[in-house]
Amino acid sequence: GPDTAQHDLQIITTDGPRIYADDHSKGNDILLTLVRNSELTDMIDTIERFEKSFNSKYHYQWWFMNDEEFTDEFKEAVELKVSGGARFIRVPTEMWSYPPNIDQKKAAASRENYKKQKINYGSSESYRFMCRFNSGLFYKLPELVDIEYYWRIEPSVHFDCEITYDVFKYMRANKKLYAFNMALQEDIRTIPSLWNATMNFFRQNSQYVASKNNAKFITDDDGSTYNLCHFWSNFEIASLGFYRSQAYEDFFKFLDSEGGFFYERWGDAPVHTLAASYMIPAESLHFVANTGYMHSPNQDCPPDAEIRDVLHCECSPKRDFTWHEWSCVNKFFEVNGYVKPNTMANLKK
Ligand code: GDP
Ligand code: MN
């Protein structure tokens, strides 16, 4: 077989490493970040690191979204650091506010209740606007109309290994629609009614359920309950065509009409995961391995020393969450019958 070139280490699928054919033209793909002016320092840090790990080789444009106007200071500082050009987008108020069906008094009472329970962001109104925006709105921004794939990157994250292949091109060439790296369990208190709502939707809209889907990833009891596993969407590479599909639009509209973004604290991560797991064939999901991704408090760090060496990782494998027993990545591999790539030996099989 072919040599295990560097880039193969990060492409792990059913049959172990695959050869990435570098022959597809670059499409309209972008890096995309939602960020506040106050996060400029963390943003610059993330840009510097991500340019080093990935984008200094590929020069994708990096676009920034904000519910407020970006300051000149923010724009000037960012423009100096990105290698593929920047664009700054103001999110219109309609995309960052209550839809008409929401009873705002009921929403405020719910936030009070969450506050008492000391749940992360439980009392925050803006966090809920953010989660709803990421769930069903950002890809409808007029500025993004020509964008096909996007890579979500948040301020403060870093990639401690080199990313040695063009992930966008890989996704296009292999008809992947959604890519993730870490996966973990959601706090049930933020989504008490999300599973039942989702089940109701797919019972009424069974035409949207893909055959050979990833549903086994999200339930341990044949669909009675949600096992809370979700792709951690602070890292996400996805086809906006998927989000713009009638299927996803109907799903989002249904969830929005239920009010759970405001009466509970539904996150975009479980929403995206439930949608992708039912509506996308499992073979069109892509696990992005060995990036050294870090979003507090969880780190990905390849357990195999040889891989860390080849990819110039600057992380401690003791901190690795991806292959921790609590990580849902294990489950993703098990339900799909994939070989877990813990070791160089597995990779070479
Ligand atoms: P967490 O990852 O769930 O802890 O949430 P974060 O605080 O990291 O928020 C997720 C993303 O949305 C990050 O990219 C934030 O910069 C961004 N974000 C969160 N709230 C706001 C907000 O009110 N305005 C703007 N412009 N961005 C926000
Ligand atoms: Mn975050």
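Let's start at Glu-236, which sits in strand β11 (residues 236-239); helices (H or I, at least four residues) and strands (E, at least two) are DSSP runs, numbered from the N terminus. Bear in mind that this is a predicted model, in which local features need pLDDT of at least 70, side-chain atom pairs count only at pLDDT 80 or more, and totals for chains, interfaces and linings use all residues. Residues are numbered from 1 along each chain as its sequence is written, while chains are lettered from A and ligands numbered from 1 in the order in which they are written.

An unreviewed UniProt entry puts the feature "active site" at Glu-236; UniProt positions follow the numbering used here, feature names are shortened, and annotations may be inferred rather than shown by experiment. Glu-236 counts as buried because 23 other C-beta atoms lie within 10 Å. The cut-offs, with C-beta atoms placed from the backbone, are 20 or more other C-beta atoms within 10 Å for buried, 12 or fewer for exposed, and anything in between for partly exposed. Setting aside neighbours within four places in sequence, Glu-236 is in contact with Arg-152, Phe-180 and His-272, where contact means that the C-beta atoms, placed from the backbone, lie within 7 Å.

Zooming out, the chain has 13 helices and 14 strands, and buried residues make up 42% of its 349 residues. Of the contacts between residues at least 6 apart in sequence, 80% join residues at least 24 apart.

Now for the parallel strands. Strand β3 (residues 30-34) pairs with strand β4 (residues 61-66) in the parallel sense over five bridges; two strands pair if DSSP finds at least two bridges between them. Thr-33 stands opposite Phe-64 in β4, and Phe-64 in turn stands opposite Phe-88 in β5. β4 and strand β5 (residues 86-90) are also paired in the parallel sense, over five bridges. The link from β4 to β5 runs through helix α2 (residues 72-81), a right-handed β-α-β crossover. Right-handed here means that, with the strands pointing away from the viewer, the path from the first strand over the helix to the second runs clockwise. β3, helix α1 (residues 40-58) and β4 likewise make a right-handed β-α-β unit.

Ligand 1 comes next. The residues around it include Leu-34, Asn-66, Glu-154 and Asn-234; a residue is near a molecule if its C-beta atom, placed from the backbone, lies within 6 Å of it. The shell divides into four nonpolar, three polar and four charged residues (Ala, Val, Leu, Ile, Met, Phe, Trp, Tyr, Cys and Pro count as nonpolar, Asp, Glu, Lys and Arg as charged, and the others, Gly among them, as polar).

Ser-156 is partly exposed because 15 other C-beta atoms lie within 10 Å. Leaving aside neighbours within four places in sequence, Ser-156 is in contact with Asp-42, Thr-46 and Ser-296.

Pro-297 is in the loop between β13 and β14. Those two strands belong to an open, antiparallel three-stranded sheet in the order β7-β13-β14. Its edge strands are β7 (158-159) and β14 (298-299), each pairing on one side only.

Definitions and conventions:
Two residues are in contact if their C-beta atoms, placed from the backbone, lie within 7 Å.
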